[in-house]
Amino acid sequence: MAKGQEQAAPDAVLTRIGQVAMLHHAGDREEARRRFLGLWAEIGEGGDPLHRCTLAHYLAAAQDDPQEQLAWDLRALSAAEELTEDRLADRHEGTPAARALSPSLHLHVAADYDRLGHREAARLHLRRARATAESLAPGRYGEGVRASIDRLELRLADPGRPDGSEGRGRPPRQRP
């Protein structure tokens, strides 16, 4: 196959992740989690950073335990940062997706920390989400991320909100 055709071909791993994500969104959380974990075993800790970022992002959403959600969201964020901070990052085709996903990843980590009662860590990641959201293009995705940042910021600023009260919802997951 010609070099240009290889680049235009869809990424089979991302396609598989997307198929499992549809299963999860359809309500089969346990089966989706099982399949996501199977994909994680295939990709491994040293696999393509875009694959790890995307898969960990969805794995976080499939978790019932807030500590596990945080662990997977941190893996997703770490993989995205690997793509965007590497001096050779612009050579990876997933770099623009990771940059666009970065505000949402920080937002999810902030929401995880908030749910666990770690307000300072939540505020730190919320500031990072806001800073990286400035680079998002105008449109539905960017507006949705910025609105979610605003909502979490209001919750964190309300000193009268007891731990465990409303506001424990997660921002929507976005596909890179």
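User: Which residues are exposed on the other side of α2?
Analyst: Welcome! A quick note before we start: this is a predicted model. Helix α2 covers residues 12-25, and its buried residues fall within an arc of 165 degrees, so they line one face of the helix. On the other side of α2, the exposed residues are Ala12 and Met22.

User: And which residues of α2 are buried?
Analyst: Buried here means under 20% relative accessible area. In an α-helix, residues three or four places apart point the same way, because there are 3.6 residues a turn. For α2 the buried set is Leu14, Ile17, Gly18, Val20, Ala21 and His24.

User: What covers the buried residues of α2?
Analyst: Those buried residues, with Leu14 and His24 among them, have other helices packed over them in the sense of heavy atoms within 4.5 Å. The cover includes two helices, spanning 29-43 and 49-61, namely α3 and α4.

User: How far apart are the end C-alpha atoms of helix α2?
Analyst: Helix α2 has 14 residues, and at 1.5 Å a residue they should span 20 Å. The model agrees with that expectation, as the end C-alpha atoms are separated by 20 Å.

User: What is found at the start of α2, and which residue follows the helix?
Analyst: At the start, a side-chain oxygen of aspartate 11 comes to within 2.9 Å of the backbone nitrogen of valine 13. After the helix comes a residue with a positive phi, near 110 degrees, and that residue is glycine 27.

User: Which residues does isoleucine 149 touch?
Analyst: Leaving out residues up to four places away in sequence, isoleucine 149 touches Leu107, Leu126, Ala129, Arg130 and Ala133.

User: What separates the C-alpha atoms of arginine 52 and serine 78?
Analyst: Along the chain, arginine 52 and serine 78 are 26 residues apart.

User: How are the rings of phenylalanine 36 and tyrosine 58 arranged?
Analyst: The model has 2 aromatic pairs. In this one, the ring centres are 6.0 Å apart and the planes lie at 10 degrees, so the pair is stacked. Phenylalanine 36 lies in helix α3 and tyrosine 58 in helix α4, so the pair ties together parts 22 residues apart in sequence. To repeat the arrangement asked for, the pair is stacked.

User: Which helices hold tryptophan 40 and tryptophan 72?
Analyst: These two form an edge-to-face aromatic pair, 5.0 Å centre to centre with 85 degrees between the planes. Tryptophan 40 is buried, with a relative accessible area of 11%, and tryptophan 72 is buried at 6%. The pair ties together parts that are 32 residues apart in sequence, since tryptophan 40 lies in helix α3 and tryptophan 72 in helix α5.

Definitions and conventions. Residues numbered from 1 in each chain as written. Predicted model: local features only at pLDDT ≥ 70, side-chain atom pairs only at ≥ 80, totals over all residues. Heavy atoms only, no water. Helix = DSSP H or I, 4+ residues; strand = E, 2+ residues; numbered from the N terminus. Expected span 1.5 Å × (residues − 1). Buried < 20%, exposed > 50% of the residue type's maximum accessible area, 1.4 Å probe, protein only. Arc of directions from axis to C-beta. Polar contact = N/O pair within 3.5 Å; in protein donor to acceptor, adjacent residues only side chain to side chain. Phe/Tyr/Trp six-rings, centres within 6.5 Å; stacked < 30°, edge-to-face > 60°.
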